[in-house]
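Hello,

Here is the structure I said I would pass along. Please have a look at it first, and then read on for what turned up.

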Amino acid sequence: MAAGKVEYKREFFDRDYTLKEAYGRVWKYARKYRLRLAVGVVCGMATAGTLVPFFQIVQPALHHVESHDAEVVREESPQAAETSADAQASPEKSKKNAFERQIEKNSKLPSWYPKIEKFAAKCGITIQTESGGMAGALLLIVLVVIPAVALVRLVLMYLNHYCLSWSGAHAVADIRQELFDHVERQGLEFFGRVDIGQVMTRMASDPQQIQIILSTVLSEVAMAPFEIFVSIGFIIWFAVTNHMLPTLCLILVGFPLFVIPVQALGKRVKKWARRSMERGSMVGSKIIEVMTCIKVVKSYNTEDMESRRYASTNNYFLKSTMRGLRISLMVGPSVETVGIFLICGFLVWCFVVDIRISDVVPMLAPLLIIYKPIKQLSKLQVQIETSMAALNRIYSLLDVHLELPEKPGAVSKKSFDSKMSFENVSFRYGTAEVDAVSHVSFEVPRGKVVAVVGGTGSGKSTLSSLLARFFDPKEGRVTMDGVDLRDIRISDLRTLIGAVAQESILFNDTIEENIRYGTPNATHEEIVAAAKMANAHEFIMAQPEGYGRVVGEKGFALSGGERQRICIARAILRNPPILVLDEATSALDTVTERIVQDALTKLMESRTTFAIAHRLSTIRNADLILVMDHGAIVERGTHDELYARGGVYRNLCDMQKTT
């Protein structure tokens, strides 16, 4: 792949889901935590209700300011003295006017205010003057009511975010576990067709969008719409009670204009969010590829070339990320700009129709409050589109089913008693044009050694995979004691069959845990005994940490022969009655091969063995040798019989100079 030519290739199982399908399935992971979700949603809804007291105190406070200013003007005017004289001459009239002013002011107060005033009076606190002044009342509101409401709002917001974030984090853990379990159970056909690095990204990174949906998206859905509803409701109530219907109509017409930027940019955000995730998975895939093949990279001194390739892939990802970022960042400022224009237009309207400041501000305050939730909802649209891209990738992976099926009521089989049989078996890989195995029939009797030889691509490894039921035949059947492998419980079958492959894969753990793998209850003494049978104990004890040495990624800290002997020790410890050896010594030097072959001989004692051989010297004593060519068995018999026949087998032996 040349640097600069980077292209994402969709997986064969990728598909698109509708918004309803995608978000409907999110509930599957969320309903387990529905109680906390409900608490979080209710708290978010209740948070919007705390805005009402703030809205209610705006007009009374402004009226107080206006009344105070008007009183000052009256005192400074020429009529002030006359008014004072009239008040002295008619004290009853003055008291009446004060009472009327107080009633007028009380009509502007929130409905809950008289209760607070009554409670304050019982405590000996006067919060309103005889003339109806609100200096004390305003102080009470500022010092008591507003802090109390703010505290309640703080608690509700905390519970809202905590409960939803808690639910989201647990849902993410659940879906990651489901993804891991689902992918782990897929058949080898799946792993032969996918890019493991990209699958890893889907499993590790994409589920984080579920938490964003439940914590951020659901939090805003629970809070922002209700804040908007409460604010709009207050505006409508205020406009109706104050006979300001034309102004109300203006607000209702202008309000929908907020969503224009969201709708215009939403689809483009989704497009680039998906591309960013796809290209991000390419970055992860490239890292895994290079790290896995690091020996080849070092051997061919291609670090600079791989660095350039990675830079090309990384820049490809960066471009899509920045493109999506530019579009998504336009949403907030666009909504903000539209909001400013609308508020300016509203103020111009109020000026034209000569509305008092005390009448317009109570309507303007909710409009300003609305700005924040509307901006949040605009970002929410971006998040929904981004989440859809991740959900498509997650569900596409969860909906692919290439795992080996286990029939309902599968047979439980705890022992191998007679023989394994291939009955006219044919198999073809999904992307191949010809059969890998064609009409093969033979038996593997209990306690016998059956070996398979042949050139590269002849079908040897496919036979071993069919025997261990890593694949199912397309035609014919493979049986154990007369029972089709497809009718046996997979867990029982795996217990009865053990394998030692050409590639010795170890986990990045200690030697002891690698030998114990698959036999978790084995004691240290049993592990040591298995290692001795595998000719591994001496080199293990030569290590400073002994059985506690960590072998490194895929066992790179050990030599090929050492890794192979640990794998043999693992198989000895598991003690399966049927053993599959897939060219277990082909990658070893002659000296190491003899050591490993000696260990294999001990492993094969009293076991039924199916061996695929690259070096024919290792299977000379087999009870039956099958010679394969182009997926078919062309010769069968013992070593002496086949060699005397002078056919394909003899040619193979002569080429290796085994005679």
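For the classes used below, Ala, Val, Leu, Ile, Met, Phe, Trp, Tyr, Cys and Pro count as nonpolar, Asp, Glu, Lys and Arg as charged, and the others, Gly among them, as polar. This is a predicted model, in which local features need pLDDT of at least 70 and side-chain atom pairs count only at pLDDT 80 or more, while totals for chains, interfaces and linings use all residues. Residues are numbered from 1 along each chain as its sequence is written, and side-chain values use heavy atoms, with hydrogens and water left out.

Pocket first. A pocket is an open set of points on a 1 Å grid over the protein atoms alone, with protein on both sides within 12 Å along at least five of seven lines; a cavity is a set where a 1.4 Å probe fits but cannot get out, and lining residues have an atom within 4 Å of a point. Volume is the space filled by probe spheres set on the points, which are joined across faces, edges and corners.

The largest pocket has a volume of about 2,200 Å³. Its lining has 44 residues, and L188, F470, F507, Y517 and R570 are the closest to its centre. By class, 22 of the lining residues are nonpolar, 11 polar and 11 charged. Strand 6 gives the most to this lining, with five residues. (Helices, H or I of at least four residues, and strands, E of at least two, are DSSP runs numbered from the N terminus.)

The largest cavity holds about 40 Å³ of space. Its lining has five nonpolar, no polar and five charged residues, among them L466, R469, F471 and D472.

Now the core, meaning buried Ala, Val, Leu, Ile, Met, Phe, Trp, Tyr and Cys residues joined through side-chain atoms within 4.5 Å. Buried is under 20% relative accessible area, exposed over 50%, and partly exposed in between, with a 1.4 Å probe and protein chains only. The largest nonpolar core has 44 residues, and V453, I515, I619 and Y649 have the most contacts inside it. Helix 21 (residues 560-574) gives the most to this core, with seven residues. Apart from it lies another core of 29 residues, including F442 and L463.

Helix 21 is largely enclosed by the rest of the structure, because 13 of its 15 residues are buried. Just after helix 21, N575 takes a positive phi of about 55°.

Best wishes
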